[in-house]
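My notes follow in the order I looked things up.

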Amino acid sequence: MKSEIAVCRMPELYIRGIFSKFALKKNKIMHDNMVGLVAVIKALGLDEACVKLLENDVVSRARRLHHVDEVYEYITAIGAKLNVSEKASLLIEALAERTNIIVHKLKYIPDNQRPSVKIFVAGDADEGTEGYINTVIKTAGGRIYTDSITGGEGPELFIFLAKNKSMFQLLGEIPALLADEEWENTPAIKQNKIFLIDGEKRLRGVLPEIADDVELVAEVLYPQYFVFGQEGESWMKFEL
């Protein structure tokens, strides 16, 4: 009896054809979803051609995430679809073990004492990616900035996410952005809490990378509690 995995092994031309089809339709969201699907499939130890069996499931990835558990639910659904539920469970267990360390460490910090974070994305970010980023920030112990949660005082921490450019290229653009009167007297500016993240490496919206992303943001938000060794490699502090 042939295994489900054997059925997945398709020519590389097929994969390129899928991406070409999405490019021709100029549908970036769907293209990014396909990339995300391939990442999950590879993390489950399968050939990327298994994406053929999931074409009808691509649209579901475009929904906004609200909680880290939704990431695990999505991986579970992919695992069930490809008949590798045990591998999916092991992947989820490994990811959850790492994120839970952070969640438990911060559980006694009240919501109103968690830092409010304003994130600027220098590059393209679709709705699904924004939902993913917000989920990562909340899981890492931050609050998404709105006027209502800070009483109009402004965000307590700025994060600049460099997509389609390097962190060092973005450095030159930050002073002009921070000079805006909306931000110049905020707690983030007064306390010099401004950070850059390499969006080509982290916060890409790739679900199997969520533990890495949560660890990075936790390291930025709570340096007194967490050191995961990503400073200088995937993020850096901007000095005013």
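Predicted model: local features only at pLDDT ≥ 70, side-chain atom pairs only at ≥ 80, totals over all residues.

I found five of them in an open sheet, ordered β2-β1-β3-β4-β5, with mixed pairing. The edges are taken by β2 (143-144) and β5 (235-237); each has a single partner strand, so one side of each has no neighbour in the sheet.

I then looked at how β4 and β5 pair. They run in the antiparallel sense over three bridges. F195 is opposite K237 in β5. I also checked what α11 does here: it packs on the sheet and touches β1, β3, β4 and β5. The direction of α11 makes about 10° with that of β5.

**The cores**

Next I looked up the largest nonpolar core, which has 52 residues. The members that touch the most others are L44, I75, I78, L82, I210 and V217. Among the elements that each supply at least two residues are α3 (28-43), α4 (68-81), α5 (85-105) and α11 (210-221). I noted that α11 gives the largest share, eight residues. Apart from this core lies another, of 17 residues, including F120, F158, F160 and W183.

I listed the contacts of L44, leaving out residues up to four places away in sequence: I78, G79, V84, K87, A88 and L91.

Notes:
Residues numbered from 1 in each chain as written. Heavy atoms only, no water. Core = buried A, V, L, I, M, F, W, Y, C linked by side-chain atoms within 4.5 Å. Buried < 20%, exposed > 50% of the residue type's maximum accessible area, 1.4 Å probe, protein only. Helix = DSSP H or I, 4+ residues; strand = E, 2+ residues; numbered from the N terminus. Contact = heavy atoms within 4.5 Å. Pairing = 2+ DSSP bridges. Axes fitted to C-alpha atoms, helices over the stretch in contact; angles between N-to-C directions.
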